[in-house]
Amino acid sequence: MQPRAAANQITKALRLALPQDKWFPVDPLAIAQEFGVQVHEEDLGTGIEGAMLSSKKKSAIVINSRIRELGRRSFTAAHELAHYSLHRDRAELRCSFEDLVDTAPHPENIEQEANEFAMTLLMPMDDIREQAGTGVPTISMAKRLAVRYGTSLTATALRLRESSSKSFALAYVTSGQVRWWWPTSRFRWRMKRGQAWPSALLPCDDPESHDTRGLFGIEAKARLGEVLRVSGADMPNYDASLWIVETPDERRPWEWDKIEA
């Protein structure tokens, strides 16, 4: 079964069983226990967020006891529940933080499949579209929805990116450098991993306007327009920050191409 379909089946069952005010946040570990999966919390050391263990008779989900943030624990649990639902033909799967932010849409990527399942289960598309409306996502919006869904700020922002047709990019920054850059299809410029993040940008929940060239240079200005709107948040638990970079220029890609030609 495909990841979204498997998660949507569970969502339908939850909505039939629970009153609407109990739909969120979803508890993936309680769901796992309903399926007969053993749930454990153990010190898995550094580098491993969770694991799924499976045999012919029993299956278990293990969450690293070092994870303190509730949203991060919830997403890890949903990710491992996905492995149980989709990949329990494998005896053991151990998942790193890198695995839990893998959004690469290439075939046979079981970590990306598990993330797709987890986001669909924790943040169903019909609800997130209703909550987010038609505007460009902001850090303020991501924080509000993270509370609703019991998810991390990063996972919530990634789901907002998936649900939106607007032109913006998410930047995950550590030690002053871009670690991940997630643009929507309409955002026509990319930062490379390891590229320096502009020190002039300060975290803010609501977007502030900035000169594109001053932040990212002349190439970015040529492809994104004169002005960018940026919001951002420090995430001390990860020693990182998350940013939403929006271009208010509404031209479609073919319109840009025509001007450049």
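How many salt bridges does the structure hold? The structure holds 14 salt bridges, a salt bridge being a side-chain nitrogen of Lys or Arg within 4 Å of a carboxyl oxygen of Asp or Glu. The model is predicted, so local features need pLDDT of at least 70 and side-chain atom pairs count only at pLDDT 80 or more, while totals for chains, interfaces and linings use all residues. Residues are numbered from 1 along each chain as its sequence is written, and side-chain values use heavy atoms, with hydrogens and water left out.

**View 1. The salt bridge between Arg 179 and Glu 98.** The closest N and O atoms of Arg 179 and Glu 98 are 2.8 Å apart. The pair links distant parts of the chain, since Arg 179 belongs to strand S6 (residues 177-183) and Glu 98 to helix H4 (residues 97-100), 81 residues apart; helices (H or I, at least four residues) and strands (E, at least two) are DSSP runs, numbered from the N terminus. Arg 179 is partly exposed at a relative accessible area of 25%, and Glu 98 is partly exposed at 33%, where buried means under 20% relative accessible area, exposed over 50%, and partly exposed in between (1.4 Å probe, protein chains only).

**View 2. The salt bridge between Lys 143 and Asp 205.** Here the side chains of Lys 143 and Asp 205 meet with an N to O distance of 2.8 Å. Because Lys 143 lies in helix H7 (residues 139-149) and Asp 205 in strand S7 (residues 204-211), the pair ties together parts that are 62 residues apart in sequence. Lys 143 counts as partly exposed at 35% relative accessibility, and Asp 205 is partly exposed with a relative accessible area of 33%.

View 3. The closest N and O atoms of Glu 246 and Arg 229 are 3.5 Å apart. Glu 246 sits in strand S9 (residues 240-246) and Arg 229 in strand S8 (residues 227-235), 17 residues apart. Glu 246 is buried, with a relative accessible area of 11%, whereas Arg 229 is partly exposed at 28%. Elsewhere, salt bridges that share partners join Arg 4, Glu 116, Arg 159 and Glu 162 into one network.

**View 4. The five-stranded sheet.** Five strands form an open antiparallel sheet in the order S6-S5-S9-S8-S7, two strands being paired if DSSP finds at least two bridges between them. S6 and S7 are the edge strands, each pairing on one side only. Strand S5 (residues 168-174) runs antiparallel to S9 and is joined to S9 by seven bridges, and Thr 174 stands opposite Ala 240 in S9.

**View 5. The largest cavity.** The whole structure contains four cavities of 30 Å³ or more, a cavity being a set of points, on a 1 Å grid over the protein atoms alone, where a 1.4 Å probe fits but cannot get out. The largest cavity has a volume of about 140 Å³, a volume being the space filled by probe spheres set on the points. Of the 15 residues that line the largest cavity, Phe 75, Leu 100, Val 101, Ser 152 and Ala 155 are the closest to its centre, lining residues being those with an atom within 4 Å of a point. Helix H3 (70-87), H4, helix H5 (110-122) and helix H8 (153-163) are the elements that give two or more residues to this lining.

Terms used
1 Å grid on protein atoms, 1.4 Å probe; cavity = no way out; pocket = protein on both sides within 12 Å on 5 of 7 lines; lining within 4 Å.
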